[in-house]
Amino acid sequence: MWIYEKKLQYPVNVSGKNVQLAKWIITQYGGPDGELAASLRYLNQRYAMPTERAKAVLNDIGTEELAHLEIVGTLVYKLTKDASVAELKAAGLGGHYADHDRALFYVDAVGNPWTAAYIQAKGDPIADLTENMAAEQKARATYNWLINLSDDPQVTDVLRFLREREVVHFQRFGETLNYMQEYLNEKKYY
Amino acid sequence: MAVNNPCQALLRKIQQVEFVTLELNLYLNTHPEDQKALEQYNCMHRELCELKKQYEQQYGPLLNYGWGMNTGNSWRWAEQPWPWEM
Ligand SMILES: [Fe+2]
């Protein structure tokens, strides 16, 4: 089970309303390489993992991704909460307003809704761990592009923190993959 | 980033210490025999518990479902602002 902690993993401050930036950042909320996809991918892959270590890694990184989802949601919320309809329209969020008003929704930067087709569980631990390493790199690259787009230094600071986490996750998944390969080789020979 | 009130300052300290315990937790998942990391983990765990207790005594539960204490005569969990509003 999960216990909620009433705090963010990392403090989120924004310099002010910035609808355009929010429209891009939301892709890390509900886009193909975003935090929802990451979390659901890892938490779901746990069940089919043959080693205790891999289960722990997937469980704990999947849980941290939920904390990142909340950080991204907070960014979008703070950047859009006082936006006028005209401002939403000017930033290309007229369609979002029609469907959701200022509510958050799981969409990418151009408004496509989240889909389970973004993620996979192959049941093969090597395939799944390799997918996760690629996913971490894609998330890192997305944060890179978002940092390039950001014109708010306080938002950039949060994006840098999140980018760094993807690097750490990639490292941990790499170690898990090596250990898994050793484990599967040993199993073959004994 | 300057923090202007004691509640926020304590929360910031908790975020810092918990970041260390989280990092050690992920590291230990793939290095379970690392004695130095194990020692650091337990040491930071104690510091985190102390800080959380301090926070909850003053500002209400940080965790739900019975993992945080409620002080005063109303249910502070539903009164204190949510993370995205702070
Ligand atoms: Fe990640």
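I started with H8(A) and H1(B), which are roughly parallel to each other, because angles under 35 degrees count as that. Their axes lie 9 Å apart at an angle of about 20 degrees. This is a predicted model, where local features need pLDDT of at least 70, side-chain atom pairs count only at pLDDT 80 or more, and totals for chains, interfaces and linings use all residues. Residues are numbered from 1 along each chain as its sequence is written, chains are lettered from A and ligands numbered from 1 in the order written, and side-chain values use heavy atoms, leaving out hydrogens and water.

I then listed the contact (heavy atoms within 4.5 Å). On the H8(A) side I found, among them, Phe161(A), Val168(A) and His169(A), and H1(B) brings residues including Phe19(B), Leu22(B) and Tyr27(B).

Glu136(A) sits in H7 of chain A and His169(A) in H8 of chain A, 33 residues apart. I noted both Glu136(A) and His169(A) as buried (under 20% relative accessible area, 1.4 Å probe, protein chains only).

Last, I checked H3 and H4 of chain A, which pack at about 160 degrees with axes 8 Å apart. That makes H3(A) roughly antiparallel to H4(A) (angles over 145 degrees).

Methods:
Axes fitted to C-alpha atoms, helices over the stretch in contact; angles between N-to-C directions. Helix = DSSP H or I, 4+ residues; strand = E, 2+ residues; numbered from the N terminus. Parallel < 35°, antiparallel > 145°, perpendicular 65-115°, else oblique. Buried < 20%, exposed > 50% of the residue type's maximum accessible area, 1.4 Å probe, protein only.
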